[in-house]
Amino acid sequence: MAQLAGIGVDIVRVEKFNQVIEDNPQALDSIFTEFEQSYCKTSRNRAERLAARFAAKEAVLKALGLGMAKGMNWLDIEVQNVPTGQPILKLGGEVERRALHQGLNSWQLSLSHCREYAIACVSASNEEVVAQGENSEKISK
Ligand SMILES: CC(C)(COP(=O)(O)OP(=O)(O)OC[C@H]1O[C@@H](n2cnc3c(N)ncnc32)[C@H](O)[C@@H]1OP(=O)(O)O)[C@@H](O)C(=O)NCCC(=O)NCCS
């Protein structure tokens, strides 16, 4: 079994992102990756999806026990969706560095959103990597 080492949850008002889209859309570029923005644009509920992804980014910081610390960037945390629609987390930059420093190399994410609110729940755990390269395997500690 993987060792659960951190959890984070966050809730965001969707209205906040309706306003950003209307008043300051260029601000989205400093918060959301190109992948996230194009995924959210495919939906009628774009602001809901953006709000859910912002909640995911804040939930990751909570799972790490940190706020937005020096050197970190919102773009270091990306939400992707696999073909079934399930969301996954991809970390990079300073956020990934700090996560690995804490031994956190496996992340789980769940999202939900409605017209008013979006919520994200994140868990982080430690899995031992036993081989490198294309065929690398992870063994749960
Ligand atoms: C996938 C499903 C559970 C999403 O639930 P929902 O209540 O429709 O919508 P929510 O706002 O709570 O959740 C949406 C998020 O679920 C996540 N999601 C989608 N497919 C998923 C999957 N296969 N596994 C895990 N999470 C998934 C996504 O993150 C999505 O948000 P995003 O597109 O912005 O990334 C739902 O669409 C579903 O398939 N339910 C099965 C039962 C059903 O078909 N009911 C309808 C008739 S009663």
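The protein chain in this predicted model has four helices and six strands; helices (H or I, at least four residues) and strands (E, at least two) are DSSP runs, numbered from the N terminus. Along the sequence the order reads β-α-α-α-β-β-α-β-β-β.

Two housekeeping points. Residues are numbered from 1 along each chain as its sequence is written. As the model is predicted, local features need pLDDT of at least 70 and side-chain atom pairs count only at pLDDT 80 or more, while totals for chains, interfaces and linings use all residues.

Now the helices. Helix H2, residues 34–41, packs with helix H3, residues 46–63, at an angle of about 145°, and their axes are 8 Å apart. Axes here are lines fitted to C-alpha atoms, for helices over the stretch in contact, and angles run from 0 to 180 degrees between N-to-C directions. Which residues make the contact? From H2 they are Glu 36, Tyr 39, Cys 40 and Lys 41, and from H3 they are Arg 46, Arg 49, Leu 50 and Arg 53. Two residues are in contact if their C-beta atoms, placed from the backbone, lie within 7 Å.

Next, a pair of strands. Strand E2, residues 77–81, runs antiparallel to strand E3, residues 87–91, and five bridges join them. Strands pair if DSSP finds at least two bridges between them. Ile 77 stands opposite Leu 91 of E3. The hairpin of E2 and E3 has five residues between the strands, and Gly 85 there takes a positive phi near 100°.

Last, the contacts of the whole protein chain. Of those with a separation of 6 or more, 60% are between residues 24 or more positions apart.
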